[in-house]
Amino acid sequence: MLRDALKMILEIQELDIQMIHLMRIKRERTQELERIRLLRDDLHHQVILKESEIIELKKQMRLSEGDLTELQSKAQKLEQHQSSVKKVEEFNALTHEISGIEREKAAKEQRLSDQYDKLAVEEDLLKNLKVAYESTKGNTSQLEKEIKESIEAINTEGESLFVRREELLSDADPELLAVYEKLLKNKRDRVVVPIENRCCSGCHILVTAQHENLVRKGEKIVFCEHCSRIHYWLDNLSAPSEEEGTPKKRKKAAASAR
Ligand SMILES: [Zn+2]
(Lines give C-alpha, C1' and ligand atoms only; values in the text may rest on other atoms or scores of the structure.)
Protein backbone atom coordinates (compact mmCIF):
# COMPACT_ATOMS: atom_id res chain seq x y z
CA MET A 1 0.00 0.00 0.00
CA LEU A 2 1.56 3.28 -1.15
CA ARG A 3 -0.13 5.19 1.64
CA ASP A 4 1.57 3.13 4.33
CA ALA A 5 4.86 3.16 2.47
CA LEU A 6 4.72 6.95 2.30
CA LYS A 7 3.88 7.17 6.00
CA MET A 8 6.91 5.06 6.80
CA ILE A 9 9.14 7.14 4.56
CA LEU A 10 7.83 10.32 6.20
CA GLU A 11 8.88 8.95 9.59
CA ILE A 12 12.32 8.15 8.24
CA GLN A 13 12.44 11.56 6.61
CA GLU A 14 11.83 13.33 9.93
CA LEU A 15 14.74 11.40 11.46
CA ASP A 16 16.91 12.28 8.47
CA ILE A 17 16.03 15.95 8.68
CA GLN A 18 16.92 15.91 12.37
CA MET A 19 20.18 14.20 11.48
CA ILE A 20 20.98 16.77 8.78
CA HIS A 21 20.25 19.52 11.27
CA LEU A 22 22.44 17.86 13.90
CA MET A 23 25.30 17.41 11.48
CA ARG A 24 25.06 21.04 10.47
CA ILE A 25 25.34 22.11 14.11
CA LYS A 26 28.19 19.70 14.65
CA ARG A 27 30.01 21.16 11.68
CA GLU A 28 29.50 24.68 13.01
CA ARG A 29 30.70 23.65 16.46
CA THR A 30 33.77 21.97 15.02
CA GLN A 31 34.58 25.07 13.01
CA GLU A 32 34.12 27.20 16.11
CA LEU A 33 36.56 24.97 17.95
CA GLU A 34 39.01 25.32 15.08
CA ARG A 35 38.67 29.13 15.13
CA ILE A 36 39.38 29.22 18.87
CA ARG A 37 42.47 27.07 18.42
CA LEU A 38 43.70 29.23 15.55
CA LEU A 39 43.18 32.40 17.56
CA ARG A 40 45.12 30.98 20.49
CA ASP A 41 47.88 29.54 18.33
CA ASP A 42 48.17 32.83 16.50
CA LEU A 43 48.60 34.76 19.74
CA HIS A 44 51.15 32.23 20.96
CA HIS A 45 53.01 32.56 17.69
CA GLN A 46 53.00 36.35 18.01
CA VAL A 47 54.44 36.09 21.54
CA ILE A 48 57.26 33.83 20.35
CA LEU A 49 57.94 36.08 17.37
CA LYS A 50 58.07 39.18 19.54
CA GLU A 51 60.39 37.49 22.01
CA SER A 52 62.81 36.55 19.27
CA GLU A 53 62.63 40.07 17.80
CA ILE A 54 63.58 41.48 21.21
CA ILE A 55 66.47 39.05 21.57
CA GLU A 56 67.71 40.08 18.12
CA LEU A 57 67.34 43.78 18.96
CA LYS A 58 69.27 43.36 22.21
CA LYS A 59 72.02 41.56 20.33
CA GLN A 60 72.28 44.47 17.89
CA MET A 61 72.36 46.92 20.80
CA ARG A 62 75.23 45.05 22.44
CA LEU A 63 77.12 45.21 19.15
CA SER A 64 76.41 48.96 18.86
CA GLU A 65 77.66 49.49 22.41
CA GLY A 66 80.82 47.55 21.62
CA ASP A 67 81.38 49.65 18.49
CA LEU A 68 80.93 52.81 20.52
CA THR A 69 83.49 51.76 23.12
CA GLU A 70 85.89 50.90 20.34
CA LEU A 71 85.41 54.30 18.65
CA GLN A 72 85.78 56.00 22.00
CA SER A 73 89.15 54.40 22.72
CA LYS A 74 90.27 54.96 19.13
CA ALA A 75 89.51 58.68 19.46
CA GLN A 76 91.29 58.84 22.82
CA LYS A 77 94.41 57.19 21.43
CA LEU A 78 94.47 59.61 18.48
CA GLU A 79 94.07 62.56 20.86
CA GLN A 80 96.96 61.33 23.00
CA HIS A 81 99.05 60.88 19.92
CA GLN A 82 98.07 64.34 18.68
CA SER A 83 99.35 65.99 21.87
CA SER A 84 102.85 64.70 21.11
CA VAL A 85 102.83 65.65 17.42
CA LYS A 86 105.08 68.49 16.29
CA LYS A 87 104.26 68.91 12.64
CA VAL A 88 101.25 71.06 11.76
CA GLU A 89 100.22 68.87 8.78
CA GLU A 90 100.21 65.78 10.93
CA PHE A 91 98.30 67.62 13.66
CA ASN A 92 95.66 68.74 11.16
CA ALA A 93 95.39 65.31 9.65
CA LEU A 94 94.74 63.87 13.13
CA THR A 95 92.14 66.56 13.86
CA HIS A 96 90.41 65.58 10.66
CA GLU A 97 90.53 61.88 11.56
CA ILE A 98 89.30 62.50 15.12
CA SER A 99 86.35 64.58 13.97
CA GLY A 100 85.47 61.80 11.50
CA ILE A 101 85.41 59.32 14.36
CA GLU A 102 83.35 61.72 16.47
CA ARG A 103 80.77 61.98 13.68
CA GLU A 104 80.65 58.21 13.36
CA LYS A 105 80.27 57.93 17.12
CA ALA A 106 77.44 60.47 17.19
CA ALA A 107 75.60 58.59 14.46
CA LYS A 108 76.03 55.31 16.34
CA GLU A 109 74.86 56.89 19.57
CA GLN A 110 71.75 58.18 17.83
CA ARG A 111 71.09 54.72 16.46
CA LEU A 112 71.58 53.14 19.85
CA SER A 113 69.23 55.65 21.41
CA ASP A 114 66.62 54.80 18.76
CA GLN A 115 67.15 51.14 19.55
CA TYR A 116 66.51 51.79 23.23
CA ASP A 117 63.26 53.53 22.31
CA LYS A 118 62.31 50.65 20.06
CA LEU A 119 63.16 48.15 22.78
CA ALA A 120 60.83 49.92 25.21
CA VAL A 121 58.00 49.81 22.64
CA GLU A 122 58.63 46.18 21.77
CA GLU A 123 58.78 45.12 25.41
CA ASP A 124 55.48 46.87 25.98
CA LEU A 125 53.97 45.06 23.03
CA LEU A 126 55.30 41.76 24.30
CA LYS A 127 53.75 42.38 27.69
CA ASN A 128 50.36 43.11 26.10
CA LEU A 129 50.61 40.09 23.86
CA LYS A 130 51.39 37.86 26.83
CA VAL A 131 48.41 39.23 28.73
CA ALA A 132 46.16 38.68 25.70
CA TYR A 133 47.50 35.18 25.21
CA GLU A 134 47.07 34.20 28.85
CA SER A 135 43.55 35.60 29.06
CA THR A 136 42.59 33.94 25.76
CA LYS A 137 43.95 30.70 27.06
CA GLY A 138 41.86 31.06 30.19
CA ASN A 139 38.68 32.17 28.43
CA THR A 140 38.83 29.66 25.63
CA SER A 141 39.54 26.59 27.70
CA GLN A 142 36.08 26.87 29.28
CA LEU A 143 34.45 27.58 25.94
CA GLU A 144 36.33 24.72 24.32
CA LYS A 145 35.16 22.38 27.05
CA GLU A 146 31.56 23.44 26.48
CA ILE A 147 31.80 23.02 22.73
CA LYS A 148 33.40 19.60 23.08
CA GLU A 149 30.62 18.55 25.42
CA SER A 150 27.98 19.77 23.00
CA ILE A 151 29.65 17.81 20.21
CA GLU A 152 29.57 14.73 22.44
CA ALA A 153 25.85 15.29 23.03
CA ILE A 154 25.30 15.67 19.29
CA ASN A 155 27.09 12.38 18.67
CA THR A 156 24.94 10.60 21.24
CA GLU A 157 21.76 12.03 19.76
CA GLY A 158 22.96 11.16 16.27
CA GLU A 159 23.56 7.58 17.33
CA SER A 160 20.07 7.23 18.76
CA LEU A 161 18.58 8.74 15.58
CA PHE A 162 20.57 6.22 13.60
CA VAL A 163 19.30 3.32 15.69
CA ARG A 164 15.70 4.47 15.32
CA ARG A 165 16.19 4.86 11.58
CA GLU A 166 17.60 1.36 11.30
CA GLU A 167 14.52 0.00 13.05
CA LEU A 168 12.21 1.77 10.62
CA LEU A 169 14.21 0.69 7.59
CA SER A 170 13.25 -2.96 7.95
CA ASP A 171 9.60 -2.01 7.37
CA ALA A 172 10.20 0.48 4.58
CA ASP A 173 9.29 -0.18 0.98
CA PRO A 174 12.66 -0.78 -0.70
CA GLU A 175 11.73 0.84 -4.02
CA LEU A 176 10.35 4.01 -2.48
CA LEU A 177 13.23 4.10 -0.02
CA ALA A 178 15.78 3.99 -2.81
CA VAL A 179 14.09 6.84 -4.67
CA TYR A 180 13.74 8.82 -1.46
CA GLU A 181 17.37 8.39 -0.47
CA LYS A 182 18.60 9.47 -3.86
CA LEU A 183 16.46 12.62 -3.70
CA LEU A 184 17.51 13.36 -0.13
CA LYS A 185 21.16 13.06 -1.05
CA ASN A 186 20.67 15.71 -3.72
CA LYS A 187 18.49 18.13 -1.78
CA ARG A 188 19.56 17.69 1.84
CA ASP A 189 16.01 18.76 2.68
CA ARG A 190 12.51 17.22 2.88
CA VAL A 191 11.88 15.45 -0.41
CA VAL A 192 8.50 13.86 0.36
CA VAL A 193 6.18 16.83 0.65
CA PRO A 194 2.46 17.54 0.61
CA ILE A 195 0.62 19.60 -1.95
CA GLU A 196 -0.82 22.62 -0.20
CA ASN A 197 -3.01 25.24 -1.85
CA ARG A 198 -2.31 23.62 -5.17
CA CYS A 199 1.42 24.21 -4.62
CA CYS A 200 4.35 21.86 -4.11
CA SER A 201 5.39 22.65 -0.56
CA GLY A 202 9.00 21.89 -1.53
CA CYS A 203 9.49 24.36 -4.37
CA HIS A 204 6.23 26.35 -3.94
CA ILE A 205 5.43 26.17 -7.62
CA LEU A 206 1.81 25.68 -8.67
CA VAL A 207 0.85 22.19 -9.82
CA THR A 208 -1.87 21.37 -12.34
CA ALA A 209 -5.31 20.07 -11.34
CA GLN A 210 -4.56 16.78 -13.08
CA HIS A 211 -1.36 16.46 -11.09
CA GLU A 212 -3.18 17.15 -7.85
CA ASN A 213 -5.83 14.55 -8.70
CA LEU A 214 -3.17 11.98 -9.38
CA VAL A 215 -1.64 12.66 -5.98
CA ARG A 216 -5.03 12.52 -4.27
CA LYS A 217 -5.70 9.13 -5.78
CA GLY A 218 -2.49 7.92 -4.20
CA GLU A 219 -2.11 4.95 -6.49
CA LYS A 220 1.45 5.55 -7.55
CA ILE A 221 4.43 7.70 -6.72
CA VAL A 222 3.99 11.18 -8.20
CA PHE A 223 6.96 13.50 -8.56
CA CYS A 224 6.89 17.27 -8.68
CA GLU A 225 7.49 18.33 -12.27
CA HIS A 226 9.64 21.22 -11.11
CA CYS A 227 11.75 19.97 -8.24
CA SER A 228 11.34 16.16 -8.51
CA ARG A 229 10.14 15.84 -4.93
CA ILE A 230 7.61 13.13 -4.13
CA HIS A 231 4.13 14.50 -3.53
CA TYR A 232 1.48 13.24 -1.16
CA TRP A 233 -1.98 14.35 -0.15
CA LEU A 234 -2.12 15.32 3.50
CA ASP A 235 -5.67 14.02 4.14
CA ASN A 236 -4.79 10.64 2.66
CA LEU A 237 -2.10 10.08 5.27
CA SER A 238 -3.68 11.68 8.29
CA ALA A 239 -7.00 9.79 7.99
CA PRO A 240 -7.38 6.71 10.22
CA SER A 241 -6.86 3.39 8.45
CA GLU A 242 -10.39 1.97 8.88
CA GLU A 243 -11.77 4.69 6.63
CA GLU A 244 -9.45 3.47 3.92
CA GLY A 245 -11.32 3.04 0.64
CA THR A 246 -14.21 5.39 1.52
CA PRO A 247 -12.76 8.71 0.46
CA LYS A 248 -16.22 10.20 -0.32
CA LYS A 249 -17.47 9.78 3.21
CA ARG A 250 -14.31 11.35 4.56
CA LYS A 251 -14.64 14.28 2.27
CA LYS A 252 -18.22 14.90 3.36
CA ALA A 253 -17.29 14.64 7.01
CA ALA A 254 -14.47 17.09 6.52
CA ALA A 255 -16.71 19.52 4.63
CA SER A 256 -19.44 19.47 7.32
CA ALA A 257 -16.86 19.93 10.02
CA ARG A 258 -15.75 23.27 8.49
ZN1 LIG B 1 8.29 20.99 -6.29
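Trainee: Which helix gives the largest share of the lining of the second largest pocket?

Mentor: A pocket is an open set of points on a 1 Å grid over the protein atoms alone, where a 1.4 Å probe fits, with protein on both sides within 12 Å along at least five of seven lines; lining residues have an atom within 4 Å of a point. Here H1 gives the largest share, five residues. Helices (DSSP H or I runs of at least four residues) and strands (E, at least two) are numbered from the N terminus. H1 (2-83), H2 (88-169) and H3 (174-187) each supply at least two lining residues. Among those lining the pocket are Leu15, Met19, Phe162 and Glu181.

This is a predicted model, with local features needing pLDDT of at least 70 and side-chain atom pairs pLDDT 80 or more, while totals for chains, interfaces and linings use all residues. Residues are numbered from 1 along each chain, and side-chain values use heavy atoms, without hydrogens and water.

Trainee: Which residues are the protein donors of the zinc ion?

Mentor: Donors are N, O and S atoms within 2.8 Å of the metal (3.2 Å for Na, K and Ca). The SG atoms of Cys200, Cys203, Cys224 and Cys227 lie 2.2 to 2.3 Å from the zinc ion. Their spacing along the chain is C-x2-C-x20-C-x2-C. Cys200 in strand E2 (199-200) and Cys227 in the loop between strands E3 (222-223) and E4 (230-232) are 27 residues apart.

Trainee: What is the geometry of the zinc site?

Mentor: Four donors count as tetrahedral if all angles lie between 85 and 135 degrees. The zinc site is tetrahedral, with angles of 104 to 114° among its four donor atoms.

Trainee: Is Cys227 buried or exposed?

Mentor: Buried means under 20% relative accessible area, exposed over 50% (1.4 Å probe, protein chains only). Cys227 has 8% relative accessibility, so it counts as buried. Cys200, at 0%, also counts as buried.

Conventions. Four donors count as tetrahedral if all angles lie between 85 and 135 degrees; four count as square planar and six as octahedral if opposite donors are over 155 degrees apart and all others between 65 and 115; anything else is irregular.
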